[in-house]
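Notebook open, model on screen. I am jotting down what I look up as I go.

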Amino acid sequence: MSALVQIRNLVKTYGEGEAETRVLKGLDMTLEESDLAALLGPSGSGKSTLLTILGTLMQPTSGEHVMLGQDLTQAGDGELTEFRNRHIGFVFQFHHLLPDFTALENVVFPTAISDGRETAQARKRGAQLLERVGLGHRIDFRATQLSGGQKQRVAIARALMNQPELVLADEPTGNLDRESAEQVMALIREINEDENTTFLISTHDEKIAAACRRQIKVVDGKTASA
Ligand SMILES: Nc1ncnc2c1ncn2[C@@H]1O[C@H](COP(=O)(O)OP(=O)(O)OP(=O)(O)O)[C@@H](O)[C@H]1O
């Protein structure tokens, strides 16, 4: 394994003057290729802040953020957007599917938007991914016709559409019942093993964290061994 992401001495401060809040206080973290890591920590410890920076959706106040050998703290907005589209997938607690669109359309649309086209090839990959997440028989169902666990599996397929090296998941099972949560986690493990995709999963669920290969804990703005 070699390092996919390296974070060094990361600081993130929100607000200014008296309202200033320092959330990340010199955090270090490495994600390896094919990693499967849980991100733990009390509410408000900065997990979402860290995921947002790792996802290149926000710059840190200071520190080092290198992914695939590229220093992302030095990149401009356009460069970051392109980097994000190519290399990073996102799964959120709430699936954010478009309700009146089919499972396949939901998987393919983000690529169509970023590429400006919806090719037959994209539809083929979308259908294969839905097959992969166990929804081959539901590709033409609208999002409203799917269960919570099925919607989250569509969201995972969507995150994988551009073959990202890294998938960031913020409480991906937080809105699911136990059985659906375990199925979604089993699927993440399979994809991690079969395709070497690195996953970082923020969670408050101990069982989900235990199903990851390692645990990273955020305590007082820094990482600690869980
Ligand atoms: N845009 C913002 N402006 C000011 N403060 C913010 C902003 N976003 C987050 N914070 C503060 O930063 C701290 C960390 O928030 P963050 O959402 O990263 O924590 P978290 O560990 O993900 O929490 P949870 O587990 O509850 O989702 C909190 O005290 C929060 O109030």
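My cut-offs: buried means 20 or more other C-beta atoms within 10 Å of a residue's own, exposed means 12 or fewer, and partly exposed is in between, with C-beta atoms placed from the backbone. E79 lies in helix α2, residues 77–87. I also checked E79 against G41: they are 38 residues apart along the chain, and their C-alpha atoms are separated by 31 Å.

Ground rules before going on. Residues are numbered from 1 along each chain as its sequence is written. This is a predicted model, so I keep in mind that local features need pLDDT of at least 70 and side-chain atom pairs count only at pLDDT 80 or more, while totals for chains, interfaces and linings use all residues. Helices (H or I, at least four residues) and strands (E, at least two) are DSSP runs, numbered from the N terminus.

**Confidence and overall build**

The chain averages a pLDDT of 91, and 95% of the residues score at least 70; pLDDT is the predictor's confidence in each residue, from 0 to 100. The model scores ipTM 0.95 and pTM 0.92. A reminder to myself: where pLDDT is low, the predicted coordinates should not be read in detail.

I count seven helices and ten strands in the chain. The radius of gyration is 17 Å, which agrees with the value near 17 Å that a compact globule of 226 residues would have. That radius is taken over C-alpha atoms, and the globule rule is 2.2 Å times the number of residues to the power 0.38. Along the principal axes, the C-alpha atoms fill a box of roughly 50 × 40 × 40 Å. Buried residues make up 39% of the 226. I looked at contacts too (C-beta atoms, placed from the backbone, within 7 Å). Among those between residues at least 6 apart in sequence, 72% join residues at least 24 apart.

**Ligand shell**

Which residues are around the ligand? I list Y14, G15, T21, V23, G41, S43, G44, S45, G46, K47, S48 and T49. Near here means that the C-beta atom, placed from the backbone, lies within 6 Å of the molecule. β2 (21–32) and α1 (47–54) are the elements that give two or more residues to this shell. α1 gives the most, with three residues. By class, I have two nonpolar, nine polar and one charged. The classes are Ala, Val, Leu, Ile, Met, Phe, Trp, Tyr, Cys and Pro as nonpolar, Asp, Glu, Lys and Arg as charged, and the others, Gly among them, as polar.

**α1 and just after**

Six of the eight residues of α1 are buried, so the helix is largely enclosed by the rest of the structure. The buried ones are K47, T49, L50, L51, I53 and L54.

Just after α1, T56 takes a positive phi of about 60 degrees, although it is not a glycine. Most residues other than glycine have a negative phi, and most peptide bonds are trans. T56 is found in the loop between α1 and β4 (62–67) and counts as buried, because it has 22 C-beta neighbours inside 10 Å.

D220 has a positive phi too, about 50 degrees, and is not a glycine. It lies in the loop between β9 (214–219) and β10 (222–225). D220 is exposed, with 11 other C-beta atoms within 10 Å.

**Sheets**

I traced an open sheet of four strands in the order β2-β1-β4-β5, with antiparallel pairing. Its edge strands are β2 and β5 (70–71), each pairing on one side only. I take strands as paired if DSSP finds at least two bridges between them. Nine bridges join β1 to β2, and the bridge partner of K12 in β2 is L24.

E20 sits in the loop between β1 (3–14) and β2. It is exposed, with 9 other C-beta atoms within 10 Å. Not counting residues up to four places away in sequence, E20 touches T13 and G15.

Last stop, β6 (residues 88–91). It pairs with β7 (residues 166–170) in the parallel sense over four bridges, and V91 stands opposite A169 in β7. In a regular strand the side chains alternate between the two faces of the sheet. In β6, I88 and F90 point one way and G89 and V91 the other, and all are buried.

How values were computed:
Two residues are in contact if their C-beta atoms, placed from the backbone, lie within 7 Å.
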